[in-house]
Amino acid sequence: MSGSGATGQHSDRADRDERFMRLAIALGERNLGLTWPNPSVGSVIVDESGGAPVIIGQGATQPGGRPHAERVALAAVGERAKGATLYVSLEPCSHYGKTSPCADAVVEAGVARVVSALEDPDSRVAGLGHARLRQAGIAVSVGCLARSAHRAHLGHITRVTKGRPAVTVKLARSTEGLAGSRHGTRLMLTGEIANAKVHLMRAHADAIMVGVGTVLADDPLLNVRLPGLEARSPIRIVVDSNLRTPASARVVTGARDIPTWVVTSLAAPVEAEKALTAQGVEVLRVESDDSGRVSLPEALQLLGTRGLTRIFCEGGPGLADALAKADLVDELVLITGRSARGQGDVPALGPALQDRMDFLDCRAEEQIGPDLFMFWERP
């Protein structure tokens, strides 16, 4: 009987930990796109002294990356943190930056137990935060909902381990698998509800990226147009090897309101650069690949040095296939428009992306209005 009771208590504890960690991860996800180059972490503080656990504080990394989630939650509870349990979606930092380490703040607050979803792969932390807590006598549990936390922190993890932002490619297609027309006729592939979902995904990215072909064909705004979230429009990035982006394009004329970066080759014309920079566009130059186009691996490494962690690519089949060929696709959002209008002749999935999908896992499907979203990710 005692063995069975112990097993039941362990199960109850695990269920409780998952419940509070799920909240911590969700809190951090709210500020995705606002905290780069820092990860957007969530934290929850729970008082278990009265038997039934009670949430007494919660926090998320604030816009700009400071203060960190743990400090926000600790500030909210003050002395009540003593003896409490802290749930955090990523290991508390252990290095001095603009502030002292969060691990030290947790120790000073008198927290009794820390449940951490993931060890931070940043070489400045990488287990040192957990070690600092254990040295102070705090019980530390690592790995609760690790897969969900890894997904939430994919941008940060990719940047510190690979030196580049994580790339999510979004493609829409008709039920016949077509994404557009070679004659420039735009297809209305997805409905209003699906489009709102895409705008929410934009709001959680550090940057939206397209190729110059999309700019020339559609003249998109590439902003967030959800009521109340207009200020969440991320940086706009155009990959343009020969600086064909016209000075009249809406991403250019609005560059002083929403930052716009154009990534081009070293050989692109200087006069075209001057015309763009005069409107507030920032032009970034990188080496070309063998075909004379922007080297996408170099471009993403450069964007990583600028602090970007999450890029949402809406550049169409050509850019998506080039990213897949360079093994730079970390997530794929494939939307099938069930009521697509218009006739197309451009396949949504190019050959390289079709090949890469053999190495991606389909983690979820979601029906949004009449349209089907499929979410793929690296295993």
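Modeller: Strand 1 (residues 42–47) and strand 2 run antiparallel to each other and are joined by six bridges, where strands are DSSP runs of E with at least two residues, helices are runs of H or I with at least four residues, and both are numbered from the N terminus; two strands pair if DSSP finds at least two bridges between them. Within that pairing, Val 54 of strand 2 is the bridge partner of Asp 47. This is a predicted model, in which local features need pLDDT of at least 70 and side-chain atom pairs count only at pLDDT 80 or more, while totals for chains, interfaces and linings use all residues. Residues are numbered from 1 along each chain as its sequence is written, and side-chain values use heavy atoms, with hydrogens and water left out.

The two strands belong to an open sheet of five strands, ordered 2-1-3-4-5 and with mixed pairing. Strand 2 (54–60) and strand 5 (139–142) stand at the edges, and because each has a single partner strand, one side of each is left without a neighbour in the sheet. From one strand to the next the twist averages 15 degrees, with axes taken as lines fitted to C-alpha atoms, for helices over the stretch in contact, and angles running from 0 to 180 degrees between N-to-C directions.

Helix 2 (residues 69–77) packs on this sheet, where it touches strand 1, strand 2 and strand 3 (85–88), contact meaning heavy atoms within 4.5 Å. The direction of helix 2 makes about 140 degrees with that of strand 2.
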